Amino acid sequence: MSERTPTHAQPPAPPAISTPDLTQLSERDAAVLTFERQWWRHVGAKEEAIRATFGLSAARYYQLLAALVDSPLALAFDPMLVNRLQRMRSARSEARASRSLPAHD
């Protein structure tokens, strides 16, 4: 009678879950930052270009841009632009706060 050593089969590996690459911006995010780097003389021209380039409304574009401004990946991609956008957002926020606070008499 021969003794067999038990073989322990490894359980199958779970299927690989595809996760986005968190080390670089998506193509769309990079395109938004590149687009925003341009200077626009007229607001209407920029809004038309947003729709033509991205197929988005201006409101949706600015929502995406606002999220990008807080992204470390965007900061690494274009630090000067992101810092400028953060300063502009801060200035607008402070101006809004100073207008809405009641005067202390």
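This is a predicted model: local features need pLDDT of at least 70, side-chain atom pairs count only at pLDDT 80 or more; totals for chains, interfaces and linings use all residues.
The expected span of a helix is 1.5 Å times one less than its number of residues. Helices (H or I, at least four residues) and strands (E, at least two) are DSSP runs, numbered from the N terminus. Residues are numbered from 1 along each chain as its sequence is written, and side-chain values use heavy atoms, with hydrogens and water left out.

The chain contains 5 helices and 0 strands. Along the sequence the pattern reads α-α-α-α-α. Of the 105 residues in the chain, 22% are buried. Here buried means under 20% relative accessible area, exposed means over 50%, and partly exposed lies in between (1.4 Å probe, protein chains only).

At 1.5 Å a residue, its 12 residues should span 16 Å, and the end C-alpha atoms of α3 are 16 Å apart, which agrees. The buried residues of α3 are A58, Y61, L64, L65, L68 and V69. These residues cover an arc of only 140 degrees around the axis, so they sit on the same side of α3. The arc is that of the directions from the helix axis to the C-beta atoms. On the other side of α3, A59 and A67 are exposed. A66 also belongs to α3. With a relative accessible area of 35%, A66 is partly exposed.

Helix α2 was treated likewise. Its 12 residues should span 16 Å at 1.5 Å a residue, and the end C-alpha atoms of α2 are 16 Å apart, in agreement. K46, A49 and I50 are buried in α2. Seen down the axis, the buried residues of α2 fall within an arc of 110 degrees and therefore line one face of the helix. E48, R51 and A52 are exposed on the other side of α2.

F35 and F54 form an edge-to-face pair, at 5.3 Å centre to centre and 80 degrees between the planes. F35 lies in helix α1 (residues 27–36) and F54 in helix α2 (residues 43–54), so the pair ties together parts that are 19 residues apart in sequence. F35 counts as buried, at 6% relative accessibility. One aromatic cluster is formed by F35, F54, Y61 and Y62.

On a 1 Å grid over the protein atoms alone, a pocket is an open set of points with protein on both sides within 12 Å along at least five of seven lines, and lining residues have an atom within 4 Å of a point. The largest pocket holds about 200 Å³ of space. A volume is the space filled by probe spheres set on the points, which are joined across faces, edges and corners. E36, K46, Y62, L65, A66, V69, L85, M88, R89 and R92 line the largest pocket. The elements giving two or more residues to this lining are α3 (58–69) and α5 (79–100). The C-alpha atoms of A66 and L85 are separated by 8.7 Å.

Technical notes
Rings of Phe, Tyr and Trp (its six-membered ring) pair if their centres lie within 6.5 Å; planes under 30 degrees apart count as stacked, over 60 as edge-to-face and the rest as tilted. On a 1 Å grid over the protein atoms alone, a cavity is a set of points where a 1.4 Å probe fits but cannot get out, and a pocket is an open set with protein on both sides within 12 Å along at least five of seven lines; lining residues have an atom within 4 Å of a point.
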